[in-house]
Amino acid sequence: MEQCGMTILVTGVAGFIGMHVADRLLGEGRAVIGIDNMNDYYPVSLKRDRIAALQQRHGKLFTFAELDFADMDALKTALAGQTVEAIIHLGAQAGVRYSLINPHAYVRSNLAGHVNMLELARERRERHPVYTLPHPSMAAMTCCLSASRTAPTIPSRSMPLPSAPTN
Ligand SMILES: NC(=O)c1ccc[n+]([C@@H]2O[C@H](COP(=O)([O-])OP(=O)(O)OC[C@H]3O[C@@H](n4cnc5c(N)ncnc54)[C@H](O)[C@@H]3O)[C@@H](O)[C@H]2O)c1
């Protein structure tokens, strides 16, 4: 398919959600630059199969960069000279129990890496409109806040129950 729209950066593109988001965008004729570090939290072969499927289905519309977005230099090098009009940030260390086994993976991807993505968006905003979706880890917070009409930080008020599952 010919490109008919913006180029979108999708992080976590080898992941369950990232792959399907990229597939949908590519199917609509948008170019996608996908980033993933192919970590082994679950079988890497599954992630490689997803990337191969995107490449096979969408050809040149899809560009894949295997890198860790916690590495700002690698991120900037991979995107040098590329025009990105929107960022969909779905790359993350998912799961909860695994944080007890490998807490550093969460710090690297969900804190350092997430800040890198925000900084990338901020840097590029001067020349291109860049949209970032709220990070999934914050989506849980949004669900929680949506259950209350007032801020949960008011000392006299207890936190509302989350309106979505938290595990
Ligand atoms: N799948 C669900 O049902 C669900 C539900 C609610 C929220 N979420 C959240 O949505 C996000 C994506 O979920 P998913 O199911 O697609 O997870 P996933 O683990 O399948 O995909 C995440 C991808 O991000 C990549 N990644 C992680 N750290 C990276 C880094 N530093 N640099 C580059 N790539 C990196 C991983 O290799 C992986 O392919 C997660 O934050 C998850 O917590 C998922």
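The structure is a predicted model, in which local features need pLDDT of at least 70 and side-chain atom pairs count only at pLDDT 80 or more, while totals for chains, interfaces and linings use all residues. Residues are numbered from 1 along each chain as its sequence is written.

The chain contains six helices and four strands, where helices (H or I, at least four residues) and strands (E, at least two) are DSSP runs numbered from the N terminus. Along the sequence these elements follow the pattern β-α-β-α-β-α-β-α-α-α. Of the 167 residues, 26% count as buried; a residue is buried if 20 or more other C-beta atoms lie within 10 Å of its own, exposed if 12 or fewer, and partly exposed in between, with C-beta atoms placed from the backbone. Contacts (C-beta atoms, placed from the backbone, within 7 Å) between residues at least 6 apart in sequence join residues at least 24 apart in 65% of cases.

Helix H1 comprises 12 residues, 16-27, and its end C-alpha atoms are 17 Å apart, which agrees with the 16 Å that it should span at 1.5 Å a residue; the expected span is 1.5 Å times one less than the number of residues. Buried in H1 are Gly18, Met19, Val21, Ala22, Leu25 and Leu26. These residues lie on the same side of H1, because they cover an arc of only 165° around the axis, taken from the directions from the helix axis to the C-beta atoms. The face turned away from this buried side carries the exposed residues Arg24 and Gly27. The cover over the buried residues of H1 includes strands S1 (7-11), S2 (31-36), S3 (62-66) and S4 (86-89), as well as helix H2 (44-58). Just after H1, Gly29 adopts a positive phi of about 90°.

Two packed helices are described by the angle between their axes and the distance between the axes. H1 and H2 pack at an angle of about 0°, with axes 11 Å apart; axes are lines fitted to C-alpha atoms, for helices over the stretch in contact, and angles run from 0 to 180 degrees between N-to-C directions. H1 is therefore roughly parallel to H2, a term for angles under 35 degrees. In this packing, Met19, Ala22, Asp23 and Leu26 of H1 meet Arg50, Leu54 and His58 of H2.

The loop between S2 and H2 holds Met38, which has a positive phi of about 55° although it is not a glycine. Met38 is partly exposed, with 15 other C-beta atoms within 10 Å.

Definitions and conventions. Two residues are in contact if their C-beta atoms, placed from the backbone, lie within 7 Å. Angles under 35 degrees count as roughly parallel, over 145 as roughly antiparallel, 65 to 115 as roughly perpendicular and the rest as oblique.
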